[in-house]
Each structure stands twice: as C-alpha cells, then as structure tokens.
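Here is a short briefing for a first look. Keep the sequence and the 3D view open while reading.

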Amino acid sequence: MWRLSVSILIFLYLTASSSSFGDSEATCSGIVPLRYRYDKISITDFGGVGDGRTVNTKAFRAAIYRIEHLRRRGGTLLYIPPGVYLTESFNLTSHMTLYLARGAVIRAVQDTWNWPLIDPLPSYGRGRELPGGRYMSFIHGDGLHDVVITGQNGTIDGQGEVWWNLWRSRTLKFTRPNLVEFKNSKEIIISNVIFQNSPFWNIHPVYCSDVVIHHVTILAPQDSPNTDGIDPDSSYNVCIEDSYISTGDDLVAIKSGWDEYGIAFGRPSSNITIRRITGSSPFAGIAIGSETSGGVKNIVIEHITLSNMGVGVNIKTNIGRGGYIKNIKISDVYVDTAKYGIKIAGDTGDHPDAYYNPNALPIVKGIHIKNVWGINVRNAGSIQGLKGSPFTGICLSEINLHGSMNTYRTWKCSDVVGTSLKVSPWPCSELRTFGGSNSCSSTF
Ligand SMILES: *[C@@H]1O[C@H](CO)[C@@H](O)[C@H](O)[C@H]1NC(C)=O
Ligand SMILES: *[C@@H]1O[C@H](CO)[C@@H](O)[C@H](O)[C@H]1NC(C)=O
Ligand SMILES: *[C@@H]1O[C@H](CO)[C@@H](O)[C@H](O)[C@H]1NC(C)=O
C-alpha cells in the first residue's frame, strides 16, 4: 500500500513538473528547484495515528529529527497519509518535503496554555498584538533552506476558533500564532495544500528569499480576526501565484517591519510577484503595509480577481513608519462588489509603543495601477498622502470603477501628485496632469 502510494507520488511529481513546459503564461514554477527526494518516510513509521484524537507531536518531532540527523542525500520526503493527525506545533528542518496526501489533515491542538513562546521579531520589537514574545507558528521553520510543503491538497488546519475567541474576549496573553512561518530561510516552495482556520496570519515568510507559493487554497471565516492569507515580510525574490484565498483579513499583504524597530532593522521586501489570485475578504485583496518600515520596492501584481471586498487594492502606511513604498506595478485587477476600489493611505495602523518618531515619514513614490475594472464599487478610490511627504508618481491608467446606484462616491485625494489616463469616473484634480514630469514610465 505504502509502496504503491510512493509510485503514485513519483508519477505526480513528474507530471507536475513537465506540465509547466511549453506554457506561455508567465509562471514562477521552476524558479526554486523542486528537488526529487529519493528518501521517503511516512508519519506512520514514527507512530503517527490519523484518528483525529491521538496527539502526534512525538511522531512529527521524531520524524523531523530523523531527517535532520540522518541527512540523506537529496533530502527526505515526509509522507502524511489520509487521516486526521492532531499535533502540537513543530519545527521543520532543511532538505525536506512535507507531503500531504489527498485526505490528509494536520490539525493543531487547541491547547492555548502550553503553546510554546518565541522571541518577538527584531523588526517589530514586540509581538504584533501584545508586548513581549509571541506564540510560535503551528508549523515553524527557522534558518532553513530547501523546504517544500506540498501534496495532493491535504489540509493544514489551525483550529483557530479558540484563539479568535481569546482575542474577542481580550484575554490573549501574547500575540497569536501564525499557521506557517519561515524565518531566515530560503528556497521554500509551498503548493497544493489547503490552509484553514489559522489562529492569526496564515503563511508568513519573514527575512526569507527565494520563496514560491502557488496552487494553494487558504480559507478562514470572514469574521475571523487577522487571518491574513500570505504576508511576505522583509523578504526578497518571492512569487505567489494561482491561488484562492478567502479569509477575514488581507488576502496578500507585503510588509517590512514596524516603526522604529523596522527602521533600525532596515530589511526591505523587494522583487515580489503576485499573480492570478482569486478571493474575497472584508479587508484588502492586495495590500502593501501598513508595516513597511524596512521599505517595499520592485513589486509586480497582476491578474487579480476579487469579489465581496472591503478594498480591492490597498497601500497603507503611517507617520512614524519611515521606510518607503516604491516602484509598484499593479495591473489587470477585476473587482466585483467592494467598499473601495483603490485606497492609498498615510494614516493606517497603530504604533508598537510611544517611542516611534513622528518625524519618520514614509516615502510613497512610483505606484502604477493599470487596467482595473470594478462593478458595484461604493467608493472609486481614495488617495490620501501626508502633508510633510506627499505621495508622488502615482499613475493610474485604464481604470473603470462602477458603483451601484445611489451609494456611489468618486475619487478623494489629498497630498498626492500623479497622472491619469482613461480613468472613469474622472479622477481627482491632483491626478489630471498626464504628460507632465510625473507621467508613467513608458515601459509599463
Ligand atoms: C523550534 O524552533 C524554535 C525557534 O527556532 C525554538 O525556540 C524551539 O525550541 C524549537 N522547538 C523544538 C521542539 O525543537
Ligand atoms: C489543488 O488545488 C489547487 C487550487 O485549487 C489546484 O490548482 C490543483 O490542481 C490541486 N492539486 C491537486 C493535486 O489536486
Ligand atoms: C526576482 O525574483 C525572481 C523570482 O521570483 C528571480 O527569478 C529573479 O532573478 C529575481 N530578480 C532579481 C533582480 O533578483
């Protein structure tokens, strides 16, 4: 039975890698090599029981210990067969593939009392929600390279409800755990997995590079607090594509640290591609910020299909953030039903503490948004820069945001300099200077 599944896996691997050849559509498959793992083990070899009741922490830790210490050439695949494997949080190791078969579920225990605590991220200075440390992510990777989480659309289930209720009743002690976090890691692939009910953010690559996340499904209720889909944070060479995300917060949010801590740490997010994402959320489809103190630059976002949104595209920062948001190209966005089509704001989010520098103003410069089509959008757009640091080079072209009757509001702008071409409804006067010194670069 096990041998049979292994040959099926081999077959799936080969077909999956060959099908990307000859595909004219831009894709990030192949950017991080998908290594074939000759060495394969199953969680059941380590006493794993998929009955939904047995706690499998020892099995996961033993299997990963074995991978880490035996160090088989080419790495090792850890196979999770169909079944529900309840476990506490665990750490991954380098050169491994966590493979979830169809029908396999790795489910977090709901033990919030014994959940391990780890240090805050230096670029945040404290936990994102509360001072002090933060609960470790359910599946965690620190200082790793060459790690794959994949399979046949098995599920990683955070059972976040207990955590959401602690947040709702204001009885949380520390910042809630992410579902999956990679820190200081590189060559990471996440594909063909369903993530559901994360306690907090779903997938958080922080201080990482060469990360590919594609063909994933991320689900959490619309009213679940802070269940962001994917948050690349102070990371570079990240590609996120072909995924469905429907959660209670931003679907994808690019970040780079918080106020004075993020400024001091100084690690930007750059060279990030996000394409062919579909989903819905009461917050933003595609967000940049609001924590951008290390800077965010060279971002390409394209072919985004959204429905029932708070905001389609949301770029957000604040005074005290410092940093920059520059060279951002967003194109081909379709929004069906939203409060705002496009929102760029300099007054979003809270501060870590009272020590932020109110003179640390962010720079927002070179934001090109092209081909956006929206129906049933209540407010076309709002672009509110900062008095001491106006947003410049904001370029809108071929944008049609249609409202429903009676509730429709047009553009609102302040402290912004930019251009527009074929924007309907007619944009605010600040953006009516096409052909001027701030015109969009011709390469876009
Ligand atoms: C998992 O990794 C974290 C952070 O690197 C570390 O503090 C913790 O001790 C590790 N836990 C185990 C069980 O190895
Ligand atoms: C898993 O789901 C994704 C997203 O719906 C889909 O693109 C992919 O083909 C599925 N993969 C498998 C192996 O079923
Ligand atoms: C940008 O990232 C992509 C992978 O997403 C990589 O192929 C490319 O080489 C990177 N470009 C630079 C300038 O690092």
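**Strands, ligands and domains**

An open sheet is built from 4 strands in the order S5-S10-S13-S16, with parallel pairing. Its edge strands are S5 (90-91) and S16 (203-206), each of which pairs on one side only. The model is predicted.

**The open sheet**

- Strand S5 pairs with strand S10 (residues 139-142) in the parallel sense, over 2 bridges.
- Asn 91 stands opposite His 140, a residue of S10.
- In a regular strand, side chains alternate between the two faces of the sheet.

- Strand S4 covers residues 83-87.
- Is S4 mostly covered, or mostly open? It is mostly covered: 4 of its 5 residues are buried.
- Strand S2 (residues 51-55) runs parallel to S4, and 2 bridges join them.
- Asp 51 stands opposite Val 84 of S4.
- S4 also pairs with strand S7 (residues 104-108), again in the parallel sense, over 5 bridges.
- The bridge partner of Gly 83 in S7 is Ala 104.

**Ligand 2**

- Which residues surround ligand 2? They are Gln 152, Asn 153, Asn 192, His 215, Thr 217 and Tyr 244.
- By class, this shell has 5 polar residues and 1 nonpolar residue.
- No charged residue belongs to the shell around ligand 2.

**Ligand 3**

- Ligand 3 is surrounded by Cys 28, Ile 31, Asn 237, Cys 239, Asn 271 and Thr 273.
- Which elements give two or more residues to this shell? They are strand S19 (236-246) and strand S21 (269-288).
- The shell around ligand 3 divides into 3 nonpolar and 3 polar residues, with no charged ones.

**Two domains**

- The chain is divided into domain 1 (27-161 + 175-220) and domain 2 (250-444).
- How many residues does each domain give to the contact? Domain 1 gives 7 residues and domain 2 gives 9 residues.
- On the side of domain 1 that touches domain 2, 4 residues are nonpolar, 2 are polar and 1 is charged.
- The C-alpha centres of domain 1 and domain 2 lie 31 Å apart.

Definitions and conventions: Residues are numbered from 1 along each chain as its sequence is written. Chains are lettered from A and ligands numbered from 1 in the order in which they are written. This is a predicted model: local features need pLDDT of at least 70, side-chain atom pairs count only at pLDDT 80 or more; totals for chains, interfaces and linings use all residues. A residue is near a molecule or strand if its C-beta atom, placed from the backbone, lies within 6 Å of it. Ala, Val, Leu, Ile, Met, Phe, Trp, Tyr, Cys and Pro count as nonpolar, Asp, Glu, Lys and Arg as charged, and the others, Gly among them, as polar. A residue is buried if 20 or more other C-beta atoms lie within 10 Å of its own, exposed if 12 or fewer, and partly exposed in between; C-beta atoms are placed from the backbone. Two strands pair if DSSP finds at least two bridges between them. Domain bounds come from an automatic or database domain assignment. Two residues are in contact if their C-beta atoms, placed from the backbone, lie within 7 Å.
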